[in-house]
Every structure is written in C-alpha cells, then in structure tokens.
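Visitor: Please show me the model, and then let us go through it by question and answer.

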Amino acid sequence: MLPQEEALDILIEFLQVHGYTKVKGISLDTIRILAFIVLRENVCVYNNKIYKQTLGGAMGSSFALTLANIFMWKWQKEFVRRQDISGEFYGRYIDDIFMTWNKSENELRNLLDTANSWHPNIKLEYKVSKSLPFLDVLLTNSNGILLTSVYHKPAAEPYVVPFSSDHPRHVFNNVVQTSLARAVRYCSTLEAFNHEQRYIQLALLYNGYPSTFIDREFQKFFFGYISSTSFLPIIDDEKQFLKMHRKLLDQPTLSQSQAAFSAAMADIDNDQTDETVNESKESKNYNDESKQHCNDKLIIHYTHEKRIHSFKKQMHRIYEHVFNNTPVSHVKMIVGNRNRQDAKRELIRKRPKQSLLQNKPIKRRRKKTKKIIKIKKPSMDQQQQQT
C-alpha cells in the first residue's frame, strides 16, 4: 500500500541522512532509476491475463521489504521523538510495534488516533493492556516490573520435525537446543522457564522423540552454560538460571551475526566518512582472509537419505586412501548434506507457461481429417493395354 513515488523519495532521503552519496559505486540518481524499474515494471498473471502493479511492491520481494522498512523509518520519526522525550520504550519489527506508556490511557489513545492521520495508507490497530504479546514474546507489567516469557498462539499446534522423519541426526539435536535457547532468552524468571521447559518436553514426546534422547540433549544444553552436579535435566536454582539467562542474552544469535556482517560488508566501496571507510577496509581484509582460509578446504554436499547413513565415513576413507602423501593431502575435505525438497516445492508450479510470458496468442491446432481414397483394381483388358 505504499505510494511508489513517495517511497522512492524517502529511499533517497534515507541514504542522504546516513551520509551516502554512492552505494557500491552507483550514484543515488541511478539507484532511484533502478528502484523505479523494480517497482513499476512488476507484473503478475491471473486468469490468463497479465496485470501491471501500480501501488506498492511485490509480496516476497526482498527489495520491497527493505523499502517498506525505510518508509516506516520516515513515518515513525515522530513516535520515536516523543518516546525519547518521555523516556519510554519503542520497538518495531516490520509492521508490529511495541511501546510502553506511563501516562493516562486517554492520552495514549489520542496519540495513536493522531498517528492514524499521519499517512492515508498506514493505519494502526492497537491494543492497550498490562500483558501483551509481541511476536513470540509475552510481556507483562507486574507492578512496574517488566516480565517476559515465551508466547504461543492459542491456535498453534505442538508440532516440530518428527523424530521418524528422514533428516540428518543433527537436525533433531538442533530442534531441542534451539527450543531451550529461546526459552532461556525469553523467560525472565525461573518459574516461566520451567513452564516452557515442560511444554517443550511434551511437544517432543508428542512428535516421537525418545525420553532418553530428550534428557540427554537437555543435560548437554545445561552443562554448556552452568556447572551442575545434578544428574536430572532440570534447573532448580534461580541464581543459576539468571546466570545462564544473562549469558545467552549477551551472545548474538546466528541471524544477528549475519546481519551485522552484511551491514559491515555493505559499506565497502561507498562514499562515506573516513571512519566508516576504515571500518569497511577492516571488513574487506577479514573477508579476504576468510576466502584464503576456505581455499584449503574441499566441501562436498549430498542429499541426505537414511539408507546411505554411512556415506560420509566412506567418502573420507576413499579420500584418505587416494590422496594420502600427495601434494593435495593438506586440503581438508568436508562432507555435508542437504535435506530433500518437500512435496510442496516439487509439485507446485509457480512460473506461468512460456506462451503466456511472451504474450503471444495461443495457436489452436487444426484437427487433421483423414481422407479415404478408394482404389479400383484394373481389369485384365486394361492390364494388357498398359503392358
């Protein structure tokens, strides 16, 4: 629902405010032209007709999502300014906003109603309460103390990757480890964590995970962060839990690390301040070292199947036997696996037919009519005359 011309103006303003005159050697004028092409030259097919999009961007487009975030950066400036003045919290993830408020509820509703008039295409649907979910976190105001826990939608089913599915072993380990890591991060009290831990155990049992496997993975997770002499896969000490809670919060997640690295690499070859250029050079040197480090590795991927579970060991055995005491013996071979594509990706056809993309009329095939020719056999007199 974003006006395309206005969104492009805000894109250029965003780059200028953050000190960009070029991005990867491309001028801002050229970036605007390219962004204009992506937005305006976007078509879709419905009922054998081609339609051109005139408002907003395509759903699922990475550029459209980035542009929408930049558009909201402009829209939320007044919100952020007011929250900073009053010392309150404001957070946004795409189209979900969470904010705190300590004045009267009528003042808050007046502010939100005023925000609905800032732009004709952006309307807020809000809910005011002492306990509210934000994404998958439940936040509760308990006498001025903000408590957090994991939020599960009422309609959510307790499904994870079934233990009987054809996946590599580490996938099942990661299901348990990531569920516990999320619980420790989100839960601010031991009581909330124990409640979520019981939910995880029941969900795993429901999906066919053996109880011995669950207990072993729980113990492995806890021993990685705290030292405990208990053989039970539980935590009953509030101090130990808070220690693990703070330790995990200080560690960046995989997505946070990837976003930070992408942001650092994005500033290379851009016209910005000297300080930013120095940081970009350091990131570029780090990237060069990483590439040099990868040159000493041979990475092989194969599609995982349970019936060939010993494939990795066989590959390493053959590699050592063939290349031992050779000039490439220092190269380390890494054998990884890919999961098989699900039936949805295999069976659904998203791309229209070639004839429709070329916008050519479909030629109808003419039915071929068979002609029956009756051949009369010549008489004996005719045969003698022909001879």
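Guide: A nonpolar core is here a set of buried Ala, Val, Leu, Ile, Met, Phe, Trp, Tyr and Cys residues joined through side-chain atoms within 4.5 Å, where buried means under 20% relative accessible area, exposed over 50%, and partly exposed in between (1.4 Å probe, protein chains only). The model is predicted, so local features need pLDDT of at least 70 and side-chain atom pairs count only at pLDDT 80 or more, while totals for chains, interfaces and linings use all residues. Residues are numbered from 1 along each chain as its sequence is written, and side-chain values use heavy atoms, with hydrogens and water left out.

Visitor: With which residues is Met 244 in contact, leaving aside its neighbours within four places in sequence?

Guide: Contact means heavy atoms within 4.5 Å. Once the neighbours within four places are left aside, the contacts of Met 244 are Val 184, Phe 221, Phe 222, Tyr 225, Ile 226 and Ile 235.

Visitor: Is Ile 33 buried or exposed?

Guide: Ile 33 lies in helix H2, and together with Ile 26, Leu 34, Phe 36 and Ile 37 it forms a nonpolar patch on the surface with about 410 Å² of accessible area. Such a patch joins nonpolar side chains (Val, Leu, Ile, Met, Phe, Trp, Tyr) within 5 Å, from residues with over 30% relative accessible area and no salt bridge, and areas come from the Shrake-Rupley method with a 1.4 Å probe. Helix H2 (residues 28-40) gives the most to the patch, with 4 residues. Because its relative accessibility is 52%, Ile 33 counts as exposed.

Visitor: How many residues apart in sequence are the parts that the pair of Arg 32 and Glu 5 ties together?

Guide: A salt bridge is a side-chain nitrogen of Lys or Arg within 4 Å of a carboxyl oxygen of Asp or Glu, and the whole structure has 10 of them. The side chains of Arg 32 and Glu 5 meet in one, at 2.9 Å from N to O. Since Arg 32 lies in helix H2 and Glu 5 in helix H1 (residues 4-17), the pair ties together parts whose separation in sequence is 27 residues.

Visitor: Which helix holds Lys 74, the partner of Glu 13?

Guide: The side chains of Lys 74 and Glu 13 meet in a salt bridge of 3.0 Å, N to O. Glu 13 lies in helix H1, so the pair ties together parts that are 61 residues apart in sequence, and the helix (residues 62-75) that holds Lys 74 is H3.

Visitor: What is the distance in space between Phe 311 and Val 335, C-alpha to C-alpha?

Guide: Phe 311 lies in helix H12 (residues 311-323) and, at 26% relative accessibility, counts as partly exposed. Val 335 is 24 residues from Phe 311 in sequence, and in space their C-alpha atoms are apart by 9.1 Å.

Notes:
Helices (H or I, at least four residues) and strands (E, at least two) are DSSP runs, numbered from the N terminus. Patches are made of residues with over 30% relative accessible area and no salt bridge: like charges are joined within 9 Å, nonpolar side chains (Val, Leu, Ile, Met, Phe, Trp, Tyr) within 5 Å.
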